[in-house]
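Please walk through this structure with me, one local feature at a time. Keep the coordinates open as you read.

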Amino acid sequence: MLILWGPVSLFLSFIVSQTWSVQMSWENWNSPLRNREKEFDKPSSQPHIVFILVDDQGFRDVGYHGSEIKTPTLDRLAAQGVKLENYYVQPLCSPSRSQLMTGRYQIHTGLQHSIIRATQPNCLPLENVTLPQKLKKAGYSTHMVGKWHLGFYKRGCLPTQRGFDTFFGSLLGSGDYYSHYKCEGPGMCGYDLHEGEEAAWEQDHGLYSTMMFTRKAISILANHNPRGQPLFLYLAFQAVHSPLQVPARYLERYKGIPNLHRRKYASMVSCLDEAIHNLTLALKRYGYYDNTVIVYSSDNGGQPLAGGSNWPLRGSKATYWEGGIRAVGFVHSPLLVNKGTKCRSLVHITDWFPTLVTLGEGTLDEDLNLDGYDVWEAISEGRPSPRQDILHNIDPVYIKAKNGSWKAGYGLWNTAIRAALRVGHWKLLTGVPGYSDWVPPQTFSKQRLTSRWHNELVHWGCGKSIWLFNITADPYERVDLSQRYPHIVKKMLIRLAQYNKTAVPVRYPAKDLRSNPQYNGGVWGPWYKEGQEKDERYNNLLTNHLGKSRWKIKSKNRKLKRKEE
């Protein structure tokens, strides 16, 4: 179904309706397009790049992975392109976005713990060169639409200061899909829709964000000359992150799903699928498609409590199990050599930085210290991937494994630390990886998620703090091999320790009350003034110290409670 997003001045006479569901006649666009093509300059050898990042889409939640959710557009684009079936991201929003933008692991940017909170004086470190900065230097026109979630406490952190020519979207991690307001606690509520560096009050018509962002993206395509300058469009949808909101007409399609969370979630995915259908048609309509590379990716696994499904993978969003980090992803482009194939080579979200910069004829300086690899030949031609391992993360702040110790880590690693590493077929996890259940489709046949499929429920009462899996042979992580292959465990622990030596200090500052939107006209936005860098560094160091102190106090309290018992 082709859906009209809004009037475009050049083609105003051909617009039939402004509603979402009205069909547009393809022939109506051919005549003006032929006239416009005469005005185009000689096409550039640099491809247009459209990167679509969706939020919280589960591994199973796409038609070609066996879902009951209908995604005809995604299925078609993936089938005609290359499906990435060994593709990894990070378990949360900010970490995945930071690694996409920099091509570097979290341990190398200081963002290895949790996400960037709206109230924290924190953002993607300014010393890191970003993907749009590199593409802009290569001659690209760079545009971002959608969710940023990489910090905004000072002006230098904003998208338009990090390489994007234009920005339209939200700065926070989530919010209301219609009003675009977000609360971070009592008395901490504000408006979060921005055009450039200002609140987008005048552009806000209360439109559902999936539709609104796609209209904006299509407007950018309509107002750019595809043969005069290469385009980089980063479209980061809010969908399908909670809150579960969707226009009522989409709910009608899934009356057969009794679980309300799953029904709303499925409807949101269908709305997203139609949005990408419209975007793809616009790429063809305005003369981009034949020289465009489309990358589609989820930012992390789905959240079952919010309707998402990662079946048959284990775990969920915010965990280091496969269900949290193995993502839906594909590349669609006429420029691909081997279309209609599956790429089973190891690919990680950090790889997009060097891959897209190289594809865009940019330069990769040695001082970038990238963790990503150029995987274009692996994707396009089916050649072996240069990537052989992935550091999923090392989070030194999250040390909640009660039985974790240096002894459990053979004196090589403290297994209380939450960490995960993939090397070849092997995957090692230490600490507390997170929610560890398998959540099968039958779960959603009940009205509430509390009535789970108990045969799949696994309890780790033995207090484990280290796991080893052969992911190639056991992608569902059902057979722990850590006791059977201690020599493999030791080798991977040594690798973890080597990575940890390259880590920079964690950036996770305390809440800053000055971030309250009530001090900024009711809008979430920068609150730091220039020249406060010393205070920022002090806050980071103090927060790290306080975090360690709190952990020590909690440990002492636990010991005291045990003695009392």
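Buried means under 20% relative accessible area, exposed over 50%, and partly exposed in between, with a 1.4 Å probe and protein chains only. The model is predicted: local features need pLDDT of at least 70, side-chain atom pairs count only at pLDDT 80 or more, and totals for chains, interfaces and linings use all residues. Residues are numbered from 1 along each chain as its sequence is written, and side-chain values use heavy atoms, with hydrogens and water left out.

Start with the rings. Rings of Phe, Tyr and Trp (its six-membered ring) pair if their centres lie within 6.5 Å; planes under 30 degrees apart count as stacked, over 60 as edge-to-face and the rest as tilted. The whole structure holds 20 aromatic pairs. One of them joins Phe-152 and Trp-527, edge-to-face, at 6.0 Å centre to centre and 80° between the planes. Phe-152 lies in the loop between β4 (141-147) and β5 (166-170), and Trp-527 in the loop between α11 (486-501) and α12 (533-564), so the pair ties together parts 375 residues apart in sequence. Helices (H or I, at least four residues) and strands (E, at least two) are DSSP runs, numbered from the N terminus. Trp-527 is buried, at 12% relative accessible area. Phe-152 is buried too, at 4%.

Phe-164 and Phe-232 make a stacked pair: 6.1 Å centre to centre, 20° between the planes. Phe-164 is in the loop between β4 and β5 and Phe-232 in strand β10 (residues 231-236), so this pair links parts 68 residues apart in sequence. Both residues are buried.

His-149 counts as buried, at 5% relative accessibility.

Now turn to the loop between β11 (292-298) and α8 (322-325), the place of Pro-312. A cis peptide bond joins Trp-311 and Pro-312, with omega about 5°. Ala-318 lies in the loop between β11 and α8. Ala-318 has a positive phi of about 75° although it is not a glycine. At 32% relative accessibility, Ala-318 counts as partly exposed.

Another cis peptide bond runs from Ser-242 to Pro-243, with omega near 5°. Pro-243 is found in the loop between β10 and α6 (248-251).
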